[in-house]
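Have a look at the structure first.

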Amino acid sequence: MNTLGAALRGLVGLFVDDGALALEIVAVVALAGISKTLIPDVPLAAGAILLFGCLGVLLANVRRSRTHHIT
Amino acid sequence: MGSLAHAGTAMTAAFLASLVEAVEALTIVLAVATLRGWRPAGLGALAGLMLLVLIVLAFGPLLDRVPLHLLQLAIGILLLLFGMRWLRKSILRSGGVIPLHDEAMAFATGTAELREQARRHEARLDWLAALASFKAVLLEGLEVVFIVIALSTSPGLLVPASAGALAACLLVAGMGFVVQRPLARVPENTLKFAVGVMLAAFGIFWTGEGLGVAWPGADLAIVAFAALFLAVARGAVVLARRPGTTVLP
């Protein structure tokens with residue numbers, strides 16, 4: 001049972017380490033999906049939101065982590 | 001041209017990611033072998049490998065039943081979560097915000113844990129040693145399986161991705177067998193940095209495809225995404241750097 005629990009924890013840990021990062025990525029994907037539905041004539045808008053949103057999330061998370069670890 | 005670039009990137013990403021995972025699994029297996037010999041270490045590792053094969057055989061065919069767009073979206077999101085997690089951690093390690101992963105220390109910790117378990121459960125020690133080896137191979141192996149499946153979302157990529165992963169696992173197993181100690185010199189953080197960049201690029205591509213985005217340049221867009229992620233990640237390392245710390249990758 002312990003082994004199964006460790007395996008499940010390991011499986012979740014594959015994708016979620018910093019919960020905030022995971023949530024922000026999912027939020028960016030959701031936003032891209034909404035924009036694809038609302039403005040289907042500009043399909044690249046969703047792509048741009050996805051790409052630059054994820055880059056922004058990464059930078060913001062690194063900045064936050066740095067501040068958190070220093071203070 | 002696009003397909004070749006795609007296959008090459010998939011193979012490289014699978015190779016590098018599997019290299020990191022195989023080194024981590026090898027460290028635990030070697031710790032077990034050092035303390036209790038190769039029999040429990042080898043049996044545990046073999047059992048872990050067999051369970052992995054069963055998991056792939058059981059769940060692999062189910063993937064064909066999932067609609068392609070849904071599969072691309074799900075795999076894309078998982079790749080983004082996985083790749084960005086690795087990228088974030090390697091950026092913070094490169095900037096000196098969090099300590100580097102040390103295989104020699106992981107080996108020492110693994111050995112110490114087994115000794116402590118030995119003290120408490122002397123009679124069951126071989127079983128516990130085999131279990132530690134089994135868990136290491138299973139967990140790290142699951143990561144390898146996920147990476148191979150995730151990188152094989154488009155037709156024709158299963159073979160290059162599997163070949164990349166298999167080559168990495170054989171290379172690490174061979175080196176481990178020869179040197180019989182943890183591969184502490186593998187530049188793990190640099191590898192995780194590179195793989196994080198590639199997986200995040202694949203993640204953006206597949207998530208976009210799943211959402212119905214027609215990327216300019218089709219498969220070649222992955223190379224552009226990887227270049228952009230690399231540039232931003234390098235900038236993030238500078239951003240994360242603590243005063244007086246040397247930037248690593």
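G208(B) sits in helix α7 of chain B, residues 188–211 (helices are DSSP runs of H or I, at least four residues, numbered from the N terminus). Before going further, note that residues are numbered from 1 along each chain as its sequence is written, while chains are lettered from A and ligands numbered from 1 in the order in which they are written. Because this is a predicted model, local features need pLDDT of at least 70 and side-chain atom pairs count only at pLDDT 80 or more, whereas totals for chains, interfaces and linings use all residues.

Is G208(B) buried or exposed? G208(B) is buried because 28 C-beta neighbours lie inside 10 Å (buried takes 20 or more other C-beta atoms within 10 Å, with C-beta atoms placed from the backbone). Leaving aside neighbours within four places in sequence, G208(B) is in contact with G47(A), L50(A), V213(B) and W215(B) (C-beta atoms, placed from the backbone, within 7 Å). The C-alpha atoms of G208(B) and G76(B) are separated by 7.9 Å, though 132 residues apart along the chain.

On to the chain contact: 34 residues come from chain A and 38 residues from chain B. On the chain A side, α3(A) gives the largest share, 17 residues. That side divides as follows.

| Class, with members | Residues of chain A touching chain B |
|---|---|
| Nonpolar (Ala, Val, Leu, Ile, Met, Phe, Trp, Tyr, Cys, Pro) | 22 residues |
| Polar (the others, Gly among them) | seven residues |

Terms used: Two residues are in contact if their C-beta atoms, placed from the backbone, lie within 7 Å. Helices (H or I, at least four residues) and strands (E, at least two) are DSSP runs, numbered from the N terminus. A residue is buried if 20 or more other C-beta atoms lie within 10 Å of its own, exposed if 12 or fewer, and partly exposed in between; C-beta atoms are placed from the backbone.
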